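These are my notebook entries on a structure that was new to me. I set down what I looked up, in the order in which I looked.

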Amino acid sequence: MGLTKERKQELIHQYGGSGKNTGATEVQIALITDRIRDLTEHFKTHKKDHASRRGLLKLVGQRRRLLRYLKQNNLDKYRELLKELNLRK
């Protein structure tokens with residue numbers, strides 16, 4: 001499936017404030033989380049797709065690094081983002 005243009009713009013507006021703020025840490029984490037959820041659904045039907053599984057693991061690591069950065073720099077936004085995205089920490 002992938003991330004549609006409309007869904008991507010919706011996430012950017014929701015977490016970035018404006019349509020131009022695509023580099024914000026919160027926006028990047030939200031986009032990566034959406035891709036991770038999509039890939040997780042993909043693996044329920046395609047269990048032997050190991051190439052995509054490697055990509056999933058890279059995305060999870062990238063999101064973990066961004067979350068660590070956000071936690072160090074803005075703890076309130078970090079906690080708020082975890083609640084909004086239903087991430088457990």
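The entries below run from the overall model to single residues.

**Entry 1: the model and its conventions**

I record that this is a predicted model, in which local features need pLDDT of at least 70, side-chain atom pairs count only at pLDDT 80 or more, and totals for chains, interfaces and linings use all residues. Residues are numbered from 1 along each chain as its sequence is written, and side-chain values use heavy atoms, with hydrogens and water left out.

I looked up the confidence next; pLDDT is the predictor's confidence in each residue, from 0 to 100. The mean pLDDT of the protein is 93, and 98% of its residues reach 70 or more.

**Entry 2: the overall layout**

How many helices and strands does the protein have? I find four helices and zero strands, in the pattern α-α-α-α along the sequence. Helices (H or I, at least four residues) and strands (E, at least two) are DSSP runs, numbered from the N terminus.

Taken along the principal axes, the C-alpha atoms fill a box of roughly 40 × 30 × 20 Å. Of the 89 residues, 31% are buried; the term means under 20% relative accessible area, with exposed over 50% and partly exposed in between (1.4 Å probe, protein chains only). I also checked contacts, meaning heavy atoms within 4.5 Å. Among contacts with a separation of 6 or more, 49% join residues 24 or more positions apart.

**Entry 3: helices α2 and α3**

I compared helix lengths with expectation, which is 1.5 Å times one less than the number of residues. Helix α2 has 21 residues and reaches 31 Å between its first and last C-alpha atoms, close to the expected 30 Å. Helix α3 (residues 50-73) has 24 residues and should span 34 Å at 1.5 Å a residue; its end C-alpha atoms are 35 Å apart, which agrees.

The buried residues of α3 are Leu 56, Leu 59, Gly 61, Arg 63, Leu 66, Leu 67 and Leu 70. They pack against α2 (25-45) and α4 (75-85). In α2 the buried residues include Val 27, Ile 29, Ile 32, Asp 34 and Phe 43. What covers the buried residues of α2 includes α1, α3 and α4.

**Entry 4: the nonpolar core**

Which residues have the most contacts inside the largest nonpolar core? They are Tyr 15, Val 27, Ile 29, Leu 67, Leu 81 and Leu 85, in a core of 21 residues. Helices α1 (5-16), α2, α3 and α4 each supply at least two residues of this core, and α2 gives the most, with seven. I note that such a core is a set of buried Ala, Val, Leu, Ile, Met, Phe, Trp, Tyr and Cys residues joined through side-chain atoms within 4.5 Å. In soluble globular proteins, nonpolar side chains tend to be buried together.

I followed Ile 29 further. Not counting residues up to four places away in sequence, Ile 29 touches Arg 63, Leu 66, Leu 67, Leu 70, Leu 81 and Leu 85.

Is Asp 34 buried or exposed? Asp 34 lies in helix α2 and counts as buried because its relative accessibility is 18%. Beyond residues up to four places away in sequence, Asp 34 touches Leu 3, Arg 7 and Leu 11.

Arg 53 lies over the face of Phe 43, at 4.3 Å from the ring centre. For this, CZ of Arg or NZ of Lys must be within 6 Å of the ring centre and within 35 degrees of the ring normal.

**Entry 5: residues with more accessible area**

Gly 55 belongs to helix α3 and is partly exposed, at 29% relative accessible area. Its C-alpha atom is separated by 9.1 Å from that of Leu 39, 16 residues apart along the chain.

Lys 20 sits in the loop between α1 and α2 and counts as exposed at 79% relative accessibility. The C-alpha atoms of Lys 20 and Leu 39 are separated by 26 Å, at 19 residues apart along the chain.

Asn 86 is in the segment after α4 and is exposed, with a relative accessible area of 68%. Its phi is near 55°, a positive value in a residue other than glycine.
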